Amino acid sequence: MRLEIRSASLFLSDLLRLGHSLTDHQLQMFQATLEDLLRIHFNHHWFPESPAKGSGYRCIRINHKMDPMIAKAAKACGVNDSSLLRNVLPNELTLWIDPREVSYRIGENGSICVLYDAQEVLNSSPPSPPTPSSSNRHNNNNLSTSGSLDRYSTCKESVRGMDNFIMDRRNLNLDQFAPYVSS
């Protein structure tokens with residue numbers, strides 16, 4: 001649970017860092033407070049043998065309204081949560097913190113990106129070519145194109161893999177990607 005919570009708190013702290021509105025001390029305090037709050041919140045809702053169980057309870061959600069856990073952590077470091085929402089964090093963010101996997105989505109129709117995958121950490125000897133994502137339970141929006149982007153295991157890798165697809169003259173009409181642009 002600690003690795004998953006650390007991954008989520010680092011992700012949110014990095015988003016806040018990008019906004020240049022918090023000091024390093026505030027960021028550290030936000031991250032530590034959020035980790036403590038999540039650890040307590042998840043205490044009886046963590047099921048490693050059945051990771052999907054309790055997933056909704058462990059979900060952090062911003063939907064034009066601040067998630068209470070983020071608001072409490074922000075308040076602890078002296079930041080008004082409404083200023084975070086307006087100035088730094090996305091208006092719509094979903095962060096799933098499950099046993100062995102942490103993933104997020106920005107926007108209602110955005111792609112699901114994996115932040116932490118315990119299986120990849122265990123198997124992370126030398127880098128290997130991208131393989132199909134084995135944990136795609138939150139995302140049913142795989143692109144099926146002549147470029148076959150499904151073979152990439154993370155969002156970052158899929159964007160890298162699109163270079164050849166986009167550079168191909170047959171694919172210059174990008175209207176097909178409109179549904180994948182997050183709001």
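User: Why is Val 88 called buried, with a relative accessible area of 19%?

Analyst: In this predicted model, Val 88 has a relative accessible area of 19%, and buried means under 20%, so Val 88 counts as buried. The residue lies in the loop between helix H4 (81-87) and strand E2 (92-98).

User: What is the distance in space between Val 88 and Leu 16, which are 72 residues apart in sequence?

Analyst: Their C-alpha atoms are 6.1 Å apart, although the two residues are separated by 72 positions along the chain. For the protein chain as a whole, among contacts between residues at least 6 apart in sequence, 55% join residues at least 24 apart.

User: What makes Phe 42 and Trp 46 a stacked aromatic pair?

Analyst: A search of the whole structure finds 2 aromatic pairs. In the pair formed by Phe 42 and Trp 46, the rings are 6.0 Å apart from centre to centre, with 15° between the planes.

User: How do you know whether Phe 42 and Trp 46 are buried or exposed?

Analyst: Phe 42 has a relative accessible area of 1%, and Trp 46 has a relative accessibility of 14%. The limit for buried is under 20%, and therefore Phe 42 is buried and Trp 46 is buried as well. Across the 183 residues of the protein chain, buried residues make up 42%.

User: How do you know that the charged end of Lys 53 sits over the ring of Phe 47?

Analyst: The charged end of Lys 53 is placed 4.4 Å from the centre of the Phe 47 ring, and the distance limit is within 6 Å, with a further condition of within 35 degrees of the ring normal.

User: What describes the way helix H1 and helix H2 pack?

Analyst: Two packed helices are described by the angle between their axes and the distance between the axes. For helix H1 (residues 2-18) and helix H2 (residues 24-42), the axes come within 9 Å and cross at roughly 145°, and H1 passes H2 in a right-handed crossing. The contact includes Ile 5 and Leu 16 of H1, and Phe 30 and Phe 42 of H2, and its residues divide into 9 nonpolar, 3 polar and 5 charged.

Technical notes
Residues numbered from 1 in each chain as written. Predicted model: local features only at pLDDT ≥ 70, side-chain atom pairs only at ≥ 80, totals over all residues. Heavy atoms only, no water. Phe/Tyr/Trp six-rings, centres within 6.5 Å; stacked < 30°, edge-to-face > 60°. Buried < 20%, exposed > 50% of the residue type's maximum accessible area, 1.4 Å probe, protein only. Axes fitted to C-alpha atoms, helices over the stretch in contact; angles between N-to-C directions. Helix = DSSP H or I, 4+ residues; strand = E, 2+ residues; numbered from the N terminus. Left-handed = near helix turned anticlockwise from the far one by under 90°. Contact = heavy atoms within 4.5 Å. Nonpolar A, V, L, I, M, F, W, Y, C, P; charged D, E, K, R; others polar.
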